[in-house]
Amino acid sequence: MGYGGKITNETKILLILAQKHCCSIEELEKYTKIPKEELKVYLSKLAKEGKISRSWGHFGGKKYRKYCIKTAILEELGLA
C-alpha cells in the first residue's frame, strides 16, 4: 500500500526540511539531487507561499543562505 503518484520536487524539499529543519542550498542539492539553479526557483516559490523562511548564516567567516521550514507547516504535517 504505497504512494501511487510521483513526489514533486517541492515535496522533496519540504520533506528534507521537515527532517533537518534548516539546510543550505548545497545540502538541499545533495539530499534531493535537484540542480542548484532549479532549486533556487523552487525555494523562491515556497518562500512566496509562506512555507519556508530564508535567512543568512555565518560559518568559518563565510556567509551562506539558510532555508528553514516554518513551524506552521510542521504542525500541518503533524510533525511539530
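The points below go from the model itself to the fold, the core and the surface.

1. This is a predicted model, in which local features need pLDDT of at least 70 and side-chain atom pairs count only at pLDDT 80 or more, while totals for chains, interfaces and linings use all residues. Residues are numbered from 1 along each chain as its sequence is written, and side-chain values use heavy atoms, with hydrogens and water left out.

2. The protein chain holds four helices and three strands, in the order α-β-α-α-β-β-α from the N terminus; helices (H or I, at least four residues) and strands (E, at least two) are DSSP runs, numbered from the N terminus. Its C-alpha trace spans about 50 × 25 × 20 Å along the principal axes.

3. Of the 80 residues, 30% count as buried, that is, under 20% relative accessible area with a 1.4 Å probe, protein chains only. The largest nonpolar core has 18 residues, and those with the most contacts inside it are Ile13, Leu17, Leu28, Leu39, Leu43, Ile52 and Ile69; such a core is a set of buried Ala, Val, Leu, Ile, Met, Phe, Trp, Tyr and Cys residues joined through side-chain atoms within 4.5 Å. Among the elements that give two or more residues to this core are helix H1 (9–20) and strand E3 (62–69), and the largest share, five residues, comes from H1.

4. Leucine 17 touches Cys22, Cys23, Leu28, Ile52, Tyr67 and Ile69, not counting residues up to four places away in sequence, where contact means heavy atoms within 4.5 Å.

5. The accessible surface of the protein chain comes to about 5,700 Å², and 53% of that belongs to carbon and sulfur atoms, by the Shrake-Rupley method with a 1.4 Å probe.

Technical notes:
Buried means under 20% relative accessible area, exposed over 50%, partly exposed in between (1.4 Å probe, protein chains only).
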